[in-house]
Amino acid sequence: MNQNEFDIKKLVRSNIVKLKPYTSARDEFKDFERKMVFLDANENPYNNGLNRYPDPQQIKLKTKICEIQNVAIDNILLGNGSDEVLDLIIRAFCEPKMDNIISMPPTYGMYKVLSDINNIKNKEVVLTNDFQINTVNVLSTIDKNTKLIFICSPNNPTGNVFDSSTIKQLLENFKGLVVLDEAYIDFAEAKSWLDDIKNYPNLIVMQTLSKAFGLAGIRLGICYANAEIIQVLNKVKPPYNVNQLTQEKALEILNNLDLIKSQVREIKKNKIKLTEALKNIDFIEKIYPSEANFILVKVDDADKRYQQLIKKEIVVRNRGNQILCKNTLRFTIGTNEENKRLIKELKSI
Ligand SMILES: *Cc1c(COP(=O)(O)O)cnc(C)c1O
């Protein structure tokens, strides 16, 4: 879809178009860096570093992200993890019991859960046997109430990146929004679609600090899209959805990117080592190539091997009940020691 065809009002739920968002005390007087007497938000006045509400627009943190990613501040929305942002997107654009989304299993389970919570039909278009998008089926599944297509690339749990030509085809032919979840993009050789938000007004790119950046505990998801989409999501988000500690910790880590880059390099190296070692385990029948920080393998009996690993005090993810993933286990790349331990226990069982 090009800029001329894009009409945000046709996509947003009508109650959200009409919505007058809550304005917090910190929205009305934004200049809270200034030395003022703040008697506007019913906070406890005694300073402990956290007695004030956080910046609802997270300007300092967004400014840092803009600098790193080379995007404008009005192209960013931050959430309490990607999961919150995915929920916001569904709530802003999908009318319960009427609209639908498309997701492509085997993939991240939250798209289905969030559509179920919001009473939105989730139309599933299974990936091809080599885990690529079945474009013909996706295009024929789209109807007039299809608002969102969720694409996870690199895909969880399969680990592969989707062909850029198929993603392009969907962006160009679908009149709704394409949500591209790039939770694992920092581990991939393929490049992010972030720069393409300029070219496709219907593209939303989701990233997170939970994987490569080592901050799953602080809950920070980043959503990039054109300013009109971001404005809509801003209306719907809770005013203080990203807490003060999260904003501070995220800034600290983003100011020390060299450490993250070296950890990502290390994880990628360890992934290659682990892949090599897994080839020597006789009950592992297939190792799927991965552009993420995990490896999906096919085993003889996933339930049995999962339980055996639990007895050895190693927890992996059993993906055997997902479509196309019969008898598969997913191993996160751990530290060198953890990976060695995994191999040792796999050999012993
Ligand atoms: C882990 C993961 C996320 C991260 O969600 P957060 O809420 O940001 O922790 C998002 N999408 C996929 C596909 C994931 O695997």
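Q: What does contact mean here, and which residues is Ala 250 in contact with, leaving aside its neighbours within four places in sequence?

A: Contact means that heavy atoms lie within 4.5 Å. In this predicted model, Ala 250 has such contacts with Leu 61, Leu 209, Leu 215, Ile 218 and Leu 220, once its neighbours within four places in sequence are set aside. Ala 250 itself sits in helix α10, which spans residues 244-254.

Q: Is Ala 250 buried or exposed?

A: A residue is called buried when its relative accessible area is under 20%. Ala 250 has a value of 0%, so Ala 250 is buried.

Q: How far apart are the C-alpha atoms of Ala 250 and Asn 321?

A: Those two C-alpha atoms are separated by 35 Å, and the residues are 71 apart along the chain.

Q: Let's turn to the ligand. Which residues come nearest to the ligand?

A: There are 13 residues around the ligand, and Tyr 184, Thr 208, Ser 210, Lys 211 and Arg 219 come nearest. By type, this shell holds four nonpolar, five polar and four charged residues. Helix α5, residues 81-93, gives the most to the shell, with three residues.

Q: What percentage of the ligand's accessible area does the protein cover?

A: On its own the ligand has 390 Å² of accessible area, and the protein covers 94% of that.

Conventions. Residues numbered from 1 in each chain as written. Predicted model: local features only at pLDDT ≥ 70, side-chain atom pairs only at ≥ 80, totals over all residues. Heavy atoms only, no water. Near = heavy atom within 4 Å. Areas by Shrake-Rupley, 256 points an atom, 1.4 Å probe, with all protein chains shown as cover. Helix = DSSP H or I, 4+ residues; strand = E, 2+ residues; numbered from the N terminus. Nonpolar A, V, L, I, M, F, W, Y, C, P; charged D, E, K, R; others polar. Buried < 20%, exposed > 50% of the residue type's maximum accessible area, 1.4 Å probe, protein only.
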